[in-house]
Amino acid sequence: MSAPTVRKTYTIKEAAALTGLPASTLRYYESIGVITPISRGASSKHRVYTPEDLDLLTWVSCLSATGMSVSDMRRYIGNGALGAAAAPEQIELLKAQQEQLAVEAKSIALRKRYVALKIDYWQAIQDGDESRAAQLSDEARSLADDLKKTKKR
């Protein structure tokens with residue numbers, strides 16, 4: 001007779017530490033259906049996370065880190081059980097997120113350029129180079145207009 005294998009489980013505090021998601025977020029994702037309900041301990045009724053739950057939460061954490069909306073994460077995770085049949089929609093969701101990240105990257109590049117211009121401007125002021133400072137100020141003004149346009153999207 002072999003001894004029964006004891007399956008490792010995790011408390012919500014441990015799951016939070018291992019996934020990088022706060023306990024409140026774990027409860028929230030469960031309450032709105034991003035993840036399926038987590039099983040509860042027989043006597044304590046506290047959430048009991050399995051290694052499979054942690055794997056799924058790690059994927060959710062990664063999706064969240066990309067800035068994916070909660071509704072898209074819910075769809076993505078729900079589609080996972082459908083296998084190959086869900087591939088077209090999964091690709092669509094991920095491509096949409098990829099496009100969103102490209103827009104954000106462009107905005108970040110503009111902001112970085114603006115900061116670099118302002119540093120150069122103040123360096124020119126410090127050096128007493130008024131013509132260079134004026135040129136940089138004009139460039140920064142033009143870039144500021146581009147930044148305003150990206151915020152309106």
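## The cavity

A search of the whole structure, which is a predicted model, finds 1 cavity of 30 Å³ or more. On a 1 Å grid over the protein atoms alone, a cavity is a set of points where a 1.4 Å probe fits but cannot get out, and lining residues have an atom within 4 Å of a point. Grid points are joined across faces, edges and corners, and the volume is the space filled by probe spheres set on the points. Rolling a probe the size of a water molecule over the atoms shows where empty space is left.

The largest cavity holds about 30 Å³ of space. Its lining is formed by Ile35, Thr36, Ile38, Asp53, Leu56 and Leu57. By class, this lining divides into 4 nonpolar residues, 1 polar and 1 charged. Here Ala, Val, Leu, Ile, Met, Phe, Trp, Tyr, Cys and Pro count as nonpolar, Asp, Glu, Lys and Arg as charged, and the others, Gly among them, as polar.

## Basis of the values

Residues are numbered from 1 along each chain as its sequence is written, and side-chain values use heavy atoms, with hydrogens and water left out. Because the model is predicted, local features need pLDDT of at least 70 and side-chain atom pairs count only at pLDDT 80 or more, whereas totals for chains, interfaces and linings use all residues.

## The annotated domain

The unreviewed UniProt entry carries the annotation "domain: HTH merR-type" for residues 9–79. UniProt positions are given in the numbering used here, feature names are shortened, and annotations may be inferred rather than shown by experiment. The span of residues 9–79 is 59% helix and 0% strand, and its end C-alpha atoms lie 26 Å apart. Helices (H or I, at least four residues) and strands (E, at least two) are DSSP runs, numbered from the N terminus.

## Nonpolar cores

A nonpolar core is a set of buried Ala, Val, Leu, Ile, Met, Phe, Trp, Tyr and Cys residues joined through side-chain atoms within 4.5 Å. Buried means under 20% relative accessible area, exposed over 50%, and partly exposed in between (1.4 Å probe, protein chains only). The largest core has 18 residues, of which Leu26, Tyr29, Ile35, Tyr49, Val60 and Met73 touch the most other members. Two or more residues each come from α1, α2 (23–31), α3 (51–65) and α4 (70–80). The largest share, 4 residues, is given by α3. Apart from this core lies another, of 9 residues, among them Leu110, Tyr121, Ala140 and Leu147.

Contact means heavy atoms within 4.5 Å. Not counting residues up to four places away in sequence, Val60 touches Tyr29, Val34, Ile35, Met73 and Ile77. In soluble globular proteins, nonpolar side chains tend to be buried together.

Leu18 is exposed, with a relative accessible area of 54%, whereas Ala16 counts as buried at 14%. Leaving aside neighbours within four places in sequence, Ala16 is in contact with Leu21, Pro22, Ala23 and Leu26. With residues up to four places away likewise not counted, Leu18 touches Tyr10 and Leu54. The C-alpha atoms of Leu18 and Ser142, 124 residues apart in sequence, are 46 Å apart in space. For Ala16 and Ala109, 93 residues apart along the chain, the C-alpha separation is 33 Å.

Arg27 belongs to helix α2 and, at 37% relative accessibility, counts as partly exposed. Beyond its neighbours within four places in sequence, Arg27 is in contact with Ile12 and Arg47. The C-alpha atoms of Arg27 and Arg47, 20 residues apart along the chain, are separated by 9.3 Å.

## The loop between α2 and α3

The loop between α2 and α3 contains Thr36, Lys45 and Thr50. Thr36, one of the residues that line the largest cavity, counts as exposed at 56% relative accessibility.

Thr50 counts as buried at 16% relative accessibility. Its contacts, leaving aside neighbours within four places in sequence, are with Arg7, Lys8 and Tyr10. Phi of Lys45 is near 65°, a positive value in a residue other than glycine. Most residues other than glycine have a negative phi.

Note on methods:
On a 1 Å grid over the protein atoms alone, a cavity is a set of points where a 1.4 Å probe fits but cannot get out, and a pocket is an open set with protein on both sides within 12 Å along at least five of seven lines; lining residues have an atom within 4 Å of a point.
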